[in-house]
Amino acid sequence: MKDDFIIPLNGLKPGKTSFGWKVGAEFFRQFENKDIRAAEISVDAVVEKSGTYLGIDAVMKGVVTVPCDRCGDDVELPVNADIQLSVKFGSEPVAEEEIVVSEGRETVYLPEDGADMDMSQTIYDFACLSLPMQKVHGEGGCNPDALRYLAGSEDAADNAGERGDENNPFAVLKGLYDN
């Protein structure tokens, strides 16, 4: 499946070339991501080659299904990301002053003899980064049974004080600071 996300750099004609990929749950399982239960994402990329310049612009849109952080049920979340890469051949610069940011693009360094560029790691990273930190249903969308269970644990703690102080060894300390 990793072969599906390859951009062949050798033989790429000058100008713009389009690529399109579909990303499903199996893609995320290859990266051992068990949180993404289902996925339906399309990635449309345009590779521009001009002399030694190689730029990749991709748009990623779709949805993934993950467990809700609050109730544990499945929640569908949108995935929207714009990927802008500049590909350079050679070794990555060591000194900070050598790093050049080109038009807000992320720079990717490939070996000079690189014949292909595997986009799978980049697609995976951008898909995961486009998800919110807290993955929850919208207001009122969580499983009511799970919410009642969670609220019940708080009620149990509140009701402990109402049951009586006869079995509480700290009951003698209750009025200590009332003076």
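The model is predicted: local features need pLDDT of at least 70, side-chain atom pairs count only at pLDDT 80 or more, and totals for chains, interfaces and linings use all residues. Residues are numbered from 1 along each chain as its sequence is written, and side-chain values use heavy atoms, with hydrogens and water left out. The protein has 3 helices and 7 strands; helices (H or I, at least four residues) and strands (E, at least two) are DSSP runs, numbered from the N terminus.

**Overall make-up**

- Starting at the N terminus, the order of elements is β-β-α-β-β-β-β-β-α-α.
- The protein has 179 residues, and 30% of them are buried; buried means under 20% relative accessible area, exposed over 50%, and partly exposed in between (1.4 Å probe, protein chains only).
- Among contacts with a separation of 6 or more, 57% are between residues 24 or more positions apart; a contact means heavy atoms within 4.5 Å.

**The sheet**

- Five strands form an open sheet in the order β2-β3-β4-β5-β6, with mixed pairing; two strands pair if DSSP finds at least two bridges between them.
- The edge strands are β2 (15–24) and β6 (106–110); each has a single partner strand, so one side of each is left without a neighbour in the sheet.
- On average, neighbouring strands of this sheet are turned by 25 degrees against each other, direction ignored; axes are lines fitted to C-alpha atoms, for helices over the stretch in contact, and angles run from 0 to 180 degrees between N-to-C directions.
- Strands β5 and β6 run parallel and are joined by 5 bridges.
- Opposite S86 stands T107 in β6.
- Helix α2 (residues 120–129) packs on the sheet and touches β2, β3, β4 (53–67), β5 and β6, and its direction makes about 135 degrees with that of β5.

**The nonpolar core**

- In soluble globular proteins, nonpolar side chains tend to be buried together.
- The largest nonpolar core has 41 residues, of which F28, V64 and M117 touch the most other members; such a core is a set of buried Ala, Val, Leu, Ile, Met, Phe, Trp, Tyr and Cys residues joined through side-chain atoms within 4.5 Å.
- At least two residues of this core come from each of β2, α1, β3, β4, β5, β6 and α2.
- The biggest contribution to this core is from β5, which gives 7 residues.
- Neighbours within four places in sequence aside, M117 contacts F5, I6, I7, L9, I56, L85, V87, V108 and L110.

**N33**

- N33 sits in the loop between α1 (25–30) and β3 (38–50).
- With a relative accessible area of 12%, N33 is buried.
- A polar atom of the N33 side chain is 3.0 Å from the backbone nitrogen of D35.
- The side chains of N33 and Y124 make a polar contact (3.2 Å); a polar contact is a pair of N or O atoms within 3.5 Å, and within protein one must be able to donate a hydrogen and the other to accept it, while residues adjacent in sequence count only if both atoms are side-chain atoms.
- Not counting residues up to four places away in sequence, N33 touches F28, Y124 and C128.

**Q84**

- Q84 belongs to strand β5 (residues 74–89).
- Q84 counts as partly exposed, at 39% relative accessibility.
- The C-alpha atoms of Q84 and G104 are 7.9 Å apart, and the two residues are 20 apart in sequence.
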